[in-house]
Every structure is written in structure tokens, then in C-alpha cells.
Amino acid sequence: MPKPPFLLFLIFVSCLFSSFIASTATINATTTLSQQFKEAPEFYNSPDCSSITNYLEEDDAEEEEEDDESSRHNINHKNNVCSDRAVHVAMTLDTQYIRGSMAAILSVLQHCSCPENIFFHFVASASANTSLLRATLAHSFPYLKFQVYRFDDSHVSGLISTSIRSALDCPLNYARSYLANLLPLCVRKVVYLDSDLILVDDIAKLAATPLGESSVLAAPEYCNANFTSYFTPTFWSNPSLSLTFANRKACYFNTGVMVIDLDRWRAGEYTRRIEEWMELQKRMRLYELGSLPPFLLVFAGNIAPVNHRWNQHGLGGDNFRGLCRDLHPGPVSLLHWSGKGKPWARLDANRPCPLDALWAPYDLLQTPFSLDS
């Protein structure tokens with residue numbers, strides 16, 4: 001008996017809907033599995049290392065839980081986060097740069113004399129799939145001590161001005177200005193690292209950088225750079241603005257590697273000071289380079305110096321073409337692919353720069369690029 005036309009229509013719609021659901025599931029699976037990472041080897045403290053001291057009692061882990069599963073993981077490491085022996089490292093985390101982040105984490109652990117004492121603080125956008133990011137980290141580094149913090153993009157979305165490269169306009173790029181607000185109060189000092197770098201030295205040495213009596217942060221300074229180029233003629237022609245650097249030996253420094261005293265940052269309300277410059281930038285166009293100039297305006301000339309070996313930056317080339325560059329003269333403890341060109345992208349495109357070969361051994365991608373292929 002032939003089926004009524006209406007029944008045939010329902011069957012057709014049902015099949016079409018099933019097909020749509022199947023294709024959507026395939027897309028979601030592809031998105032979720034587009035980057036599979038290998039499990040990294042576990043690294044152990046040397047005999048000379050003192051273990052992280054547990055300060056918090058078990059009862060402290062019974063604080064109110066968050067709405068997602070992050071609280072369960074965070075509580076597992078909460079008794080380590082306040083240890084005075086922990087080396088705290090902060091990084092941003094997102095799907096676009098996670099391949100670089102994984103390599104950076106591996107390099108930190110591999111070259112640290114006390115890797116079990118490293119505590120990572122990852123800041124992700126509140127709109128990101130933090131469960132996926134957390135699971136990816138836990139799969140490759142099941143022993144890693146870390147917490148993931150949600151950064152509300154609305155904190156800066158109304159303050160961001162367009163810059164010379166769209167990647168610099170991402171709200172998460174400004175999260176480094178909010179670390180003092182995001183991290184627990186017991187974390188008094190942190191090393192901030194970008195996701196496009198690797199360390200070949202013990203990060204504990206960098207973390208131990210003395211900040212003197214009043215400096216809020218430490219970073220390598222580059223006083224031979226043309227400092228005036230980081231600000232517009234509008235800035236320099238306005239005496240009330242250019243006098244910002246009066247009595248300061250203001251030099252360029254790269255904000256991708258910084259040692260930050262969070263206690264001094266909080267006491268001095270430096271997040272607010274940075275925001276004030278960003279608000280003025282919206283009205284007067286004082287600079288062209290994203291999140292860097294506000295840091296220069298607030299801190300340049302008042303930071304503790306760090307040896308240049310801790311930020312061999314610019315390996316990603318300029319902000320427009322990302323051409324290959326050589327290392328600066330001198331020893332190397334940290335290689336930084338700041339600029340447009342990222343090593344994983346150039347390796348995937350079969351157009352690597354010579355120094356990209358130094359990044360490749362830390363690549364945890366399941367099917368990494370082979371220089372022999």
C-alpha cells in the first residue's frame with residue numbers, strides 16, 4: 001500500500017534532520033580532534049630540591065564550587081598554590097595558540113631543576129571551551145600542577161583600539177594586565193610568558209630576579225631601540241603627554257617575558273593605570289601596537305633589568321611579513337618568536353626559518369612536522 005504524501009514528507013524531513021545531526025557531529029568531532037597532542041615525559045625534581053610545602057588544610061578545599069568542572073581540578077592543586085617554594089608561571093591559553101603553549105610548557109619542565117615545584121596559571125577567555133583546554137593539558141601533562149582562570153573579555157573589549165596587526169587586538173592579549181586580579185592573593189610573584197617561546201634554561205633563575213626596593217616588574221630592556229617609534233606624533237607633540245617620561249630613562253621592553261611582583265602591582269593599582277591610558281588612546285590615538293604601549297607608558301624606565309639572554313625576541317620577524325631573523329649576539333636562555341611568523345605555521349607550510357628547527361623538538365602535536373621529510 002503506497003504511503004500518503006504527508007507521511008513521505010515526514011520521512012524525508014526526518015532523514016534530512018538525521019543527516020544534518022550526523023554532519024554536525026562530524027564537524028564538532030573534527031573541531032575537537034583537530035589538534036591531538038602526545039603525552040609528554042614526566043620530569044622529576046633533582047635531589048637538591050625541596051618539595052612544595054602544603055599550607056592549606058583539607059577543610060579549605062570545601063569552599064563553594066564553581067558552575068563547571070574546573071573546581072574539581074583546581075581543588076586538587078589548591079594545597080600547592082600557596083607554597084613559598086613554588087615557581088609560579090602565568091600564560092594565556094586558547095585554541096589558536098595552544099600548540100605553542102604546549103611546547104612552551106614542555107620546555108619549562110624539561111630544563112627546570114625542580115619541575116615538580118612549577119605551578120602554572122592559565123588564563124582563558126570566558127567564551128572559550130575551558131573543559132577542552134583543561135582536558136588537553138591534563139592528557140599531555142597528567143602530573144602538571146595548574147589552574148585555569150576565566151577572563152571576561154568585557155573588561156577590555158571597550159578599551160581596545162585597532163592596531164597594525166589584528167592578532168594584537170584579541171582581548172586575551174590584554175589579560176596580562178589583570179593577573180593580579182585573577183590569581184590568588186597568596187601568589188605574590190609570577191613569571192609571565194607568551195605562548196610563542198621556549199626556554200632552554202632553568203626558569204627558577206628567571207623567577208629569582210631581584211626587583212629591588214620598588215620595582216613592580218622585571219624584564220630585559222633594549223635601550224638601543226628607537227623608543228619614540230612606539231608612539232604617534234600626537235603623543236610626542238603634546239607636552240602634557242610626552243612629559244610622562246620626564247626623569248625616566250625609558251627603554252623598550254618586551255611584555256612577553258616579565259617577572260611581576262603581584263603584591264606591589266595590587267598596592268599600586270597598576271591595572272587601573274593601564275586602563276586609563278587605554279581610555280585616552282581611544283580618544284587621541286597615541287600608539288599603534290596593541291597591549292605593549294600602555295605597559296611602556298606605565299613602567300618604562302622603572303623596571304628591574306634582566307639579562308638579554310632571557311628574551312631572544314623577534315624570531316617571528318616583523319608584524320607585517322614575518323621574515324626570518326637571526327639570534328641576537330650573546331648567550332641564550334629563552335627563544336621568543338614574537339612577530340607575525342610562528343614556528344609551527346612555518347613548519348606546517350614547509351617554509352621554516354633556520355631557527356624554527358630549535359622549536360620543533362618541543363612540538364607535542366601527534367603528527368609533528370619532520371625536518372627530514
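In the predicted model, E269 lies in the loop that joins α10 (262-268) to α11 (270-284), and its phi is positive, at about 50°, although the residue is not a glycine. The relative accessibility of E269 is 44%, so the residue counts as partly exposed, since that class lies between the limits of 20% and 50%.

N247 is placed in the loop between α9 (239-242) and β8 (252-253). With a relative accessibility of 86%, N247 is classed as exposed, because that class begins over 50%.

R346, by contrast, is a buried residue, with a relative accessible area of 10%, and its place is in helix α13, which spans residues 343-348. When residues up to four places away in sequence are not counted, R346 touches L315, G316, G322, L323, W337 and G341, together with R351, P352, C353 and D356. Among these contacts of R346 are the arginine R351 and the aspartate D356.

The packing of two helices was also examined. Helix α3 (residues 98-110) and helix α4 (residues 130-140) have axes that come within 12 Å and cross at roughly 35°, and the crossing of α3 past α4 is right-handed. On the α3 side the contact involves I98, M102 and I105, while α4 contributes L133, T136, L137 and S140. Sorted by class, the residues at this contact of α3 with α4 comprise five nonpolar and two polar ones, with no charged residue.

For the protein as a whole, the secondary structure consists of 14 helices and eleven strands. Among contacts in the protein with a separation of 6 or more, 77% are accounted for by residues 24 or more positions apart. The protein exposes about 18,400 Å², and carbon and sulfur atoms supply 54% of that area.

Notes:
Residues numbered from 1 in each chain as written. Predicted model: local features only at pLDDT ≥ 70, side-chain atom pairs only at ≥ 80, totals over all residues. Heavy atoms only, no water. Helix = DSSP H or I, 4+ residues; strand = E, 2+ residues; numbered from the N terminus. Contact = heavy atoms within 4.5 Å. Areas by Shrake-Rupley, 256 points an atom, 1.4 Å probe, with all protein chains shown as cover. Axes fitted to C-alpha atoms, helices over the stretch in contact; angles between N-to-C directions. Left-handed = near helix turned anticlockwise from the far one by under 90°. Nonpolar A, V, L, I, M, F, W, Y, C, P; charged D, E, K, R; others polar. Buried < 20%, exposed > 50% of the residue type's maximum accessible area, 1.4 Å probe, protein only.
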